[in-house]
Amino acid sequence: MAIPLCHKASSLLLQHPHSPTNTHIFVCKSSFIPIKQGQTHFKFLRRQKLLKDLSTWAIGGPCNYFCQVFDHTQLVSALRYCHENSLRFMIIGRGSNCLFDDLGFDGCVILNRIEFVESEEAGVYKVGSGFWFNRLGVQCSNEGFTGLEFAGGIPGTVGGATFMNAGANGQETADVVESVDFVTTDGRLQRLERADLNFGYRSSPFQSMPDLAAIVAVTFQLQSSGTSKTRLQEYLERRRASQPIGEKSAGSVFRNPSDLGVTAAELIEKAGLKGLRVGGAMISKLHSNFFINCGGSTSQDMLNLIAIAKEKVNQKFGVKLKEEVLYVHPREET
Ligand SMILES: NC(=O)C1=CN([C@@H]2O[C@H](COP(=O)(O)OP(=O)(O)OC[C@H]3O[C@@H](n4cnc5c(N)ncnc54)[C@H](OP(=O)(O)O)[C@@H]3O)[C@@H](O)[C@H]2O)C=CC1
Ligand SMILES: C=C(O[C@H]1[C@H](O)[C@@H](CO)O[C@H](OP(=O)(O)OP(=O)(O)OC[C@H]2O[C@@H](n3ccc(=O)[nH]c3=O)[C@H](O)[C@@H]2O)[C@@H]1NC(C)=O)C(=O)O
C-alpha cells in the first residue's frame with residue numbers, strides 16, 4: 001500500500017504546514033530520537049548537525065532535524081516521519097552543489113548513504129544513489145569500461161549527478177543511464193527507463209517531477225574499452241591543472257550560457273573579476289567559475305559575490321548568468 005509522505009516541492013523550498021518548533025513530539029531535550037518503524041531503525045539528531053559539515057563549501061548553520069538513510073526502506077520511513085510531523089525535508093548527497101544558509105535549515109536534512117554497487121553483467125552497474133560518483137567513475141574505468149571517465153574527481157553522489165545531469169570533458173551522466181529507480185512522495189518505488197528519460201544540459205526530468213521524493217538507484221550501461229583507464233587519468237590531470245582542487249568550492253557556480261560559444265568562466269574573467277573577494281568568499285584565481293570559501297565565508301558573503309558576478313557580467317556583456325548551484329533557503333518562503 002502506498003504510504004503518504006511529506007510533499008516535496010520542485011525547488012529546495014519544501015513544504016511544512018506549521019513550524020517544527022511547535023511540534024509537541026519534540027519537546028524532549030535529548031539529541032538523538034530513535035525511530036522504530038517495522039524492522040527499520042534509525043536516529044534523528046536534533047539541532048546539532050551543522051550543514052557546513054555536510055557541504056563542500058563548508059558553509060551553513062544547524063538543521064533542526066538530521067538523519068542518515070542506508071537503504072530505500074529507511075528513506076521511506078524517514079520521509080513518512082517527516083510527513084507525520086509536518087516537517088519540511090530535503091535529501092542531500094555530498095553537498096557539492098548546495099549553498100546552505102548560516103541560519104541553517106528549519107526542517108529535516110536526510111543524508112543519503114545508499115551506497116551499494118552491483119554488476120551482474122559486464123558493463124552494467126546498478127548503483128545506490130548515495131555512492132560517490134568519483135569512486136564509480138574510477139572503478140568502472142579501471143575495470144575497462146568507458147562512459148564514466150568524466151566522473152573521476154567529481155565530488156557528488158550518483159543521485160546528485162543524475163538529478164543534475166552532471167558532465168565534464170564532453171561526457172555526461174545521461175549518456176550512460178539505462179534506468180533510474182526513485183521513491184515518490186506517496187512512498188512508491190518506481191523505475192524510469194532510458195527511453196522515458198529526457199535529459200538536457202545540467203537538467204533532468206527529476207528536477208521538474210512534482211512527486212519525486214528521491215532517486216534511490218541508477219543503472220548504467222557502459223561499453224568495453226581498452227583506453228578507459230588512460231582517459232580517466234587524462235581527465236583527472238586536466239581537472240587538477242584547471243580547477244582549484246582541495247579548496248572549498250561547489251564546482252561551477254554558473255551554468256554555461258547556451259548557444260553563445262562562450263563559457264561562464266570566460267565572461268567572469270573578462271569582466272575582470274578573478275580573485276575578487278567579499279569577506280571570506282573569493283572568485284578563484286585559477287578558474288573563475290569556481291568561488292572559494294577561503295576562510296570563514298558566510299552564506300551572505302557567497303551570495304553577495306554571486307550577485308556581483310552576475311551584475312558585472314550583465315553590465316559588460318549583456319549576458320544573464322544562471323546559477324548551477326542551489327541555494328537552500330533556511331525557512332519556507334511565504
Ligand atoms: N562537474 C564537476 O566537476 C562537478 C559537478 N558537481 C555536480 O553537482 C551535483 C551534486 O551532487 P551531490 O553533492 O550529491 O548533491 P547535493 O548533496 O549538493 O544535492 C544537490 C541537490 O540535488 C538533489 N539531489 C541530491 N541527491 C538526490 C537524490 N538521491 N534524489 C533526488 N535528488 C537528489 C537535491 O535537490 P532537491 O532538494 O531540489 O531535490 C539536492 O538538494 C552532482 O551532479 C555533481 O556531479 C559538483 C561539483 C563539481
Ligand atoms: C565543474 C563543473 O563542471 C565543469 C567541468 O568539470 C568542465 C570540464 O569539462 O567543463 C565545464 O566547465 P567549463 O566550461 O568552465 O570548462 P573549462 O574547460 O574549465 O573551461 C572552458 C573555457 O573557459 C575558459 N576559462 C576557464 C577558466 C577561467 O578561469 N577562465 C577562462 O577563460 C578556458 O580557457 C576554456 O576555454 C563544466 N561546468 C559547466 C558549468 O558546464 C561543475 O559542473 O560543477
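**Close-up 1. Helix α5 in the shell around ligand 2 of the predicted model.** Helix α5, spanning residues 264-270, contributes 3 residues to this shell, the most of any element. In total, 15 residues surround ligand 2, and the closest are Ala168, Gly251, Ser252, Ala265 and Ser288. Sorted by class, the shell around ligand 2 comprises 9 polar, 4 charged and 2 nonpolar residues.

**Close-up 2. The shell around ligand 1.** Of the 29 residues around ligand 1, those that come nearest are Gly93, Gly156, Gly159, Gly160 and Gly251. Two or more residues of this shell come from each of β4 (89-92), α3 (158-164) and β14 (212-221). Helix α3 gives the most, with 5 residues. The shell around ligand 1 holds 17 nonpolar, 11 polar and 1 charged residues. Domain 1 (20-112) and domain 2 (117-229) each supply at least three residues to the shell around ligand 1.

**Close-up 3. The open sheet β7-β8-β14-β12-β13.** This sheet is formed by 5 strands with antiparallel pairing. Strands β7 (117-121) and β13 (189-193) stand at the edges with a single partner strand each, so one side of each lacks a neighbour in the sheet. From one strand to the next, the twist averages 20°.

**Close-up 4. Pairing of β12 with β13, and helix α1 across the sheet strands.** Strand β12 (residues 177-184) and β13 run antiparallel and are joined by 5 bridges. Asp181 stands opposite Arg191 in β13. Helix α1 (residues 72-84) lies across β12, β13 and β14, and runs at about 165° to β14.

Definitions and conventions: Residues are numbered from 1 along each chain as its sequence is written. Chains are lettered from A and ligands numbered from 1 in the order in which they are written. This is a predicted model: local features need pLDDT of at least 70, side-chain atom pairs count only at pLDDT 80 or more; totals for chains, interfaces and linings use all residues. A residue is near a molecule or strand if its C-beta atom, placed from the backbone, lies within 6 Å of it. Helices (H or I, at least four residues) and strands (E, at least two) are DSSP runs, numbered from the N terminus. Ala, Val, Leu, Ile, Met, Phe, Trp, Tyr, Cys and Pro count as nonpolar, Asp, Glu, Lys and Arg as charged, and the others, Gly among them, as polar. Domain bounds come from an automatic or database domain assignment. Two strands pair if DSSP finds at least two bridges between them. Axes are lines fitted to C-alpha atoms, for helices over the stretch in contact, and angles run from 0 to 180 degrees between N-to-C directions. Two residues are in contact if their C-beta atoms, placed from the backbone, lie within 7 Å.
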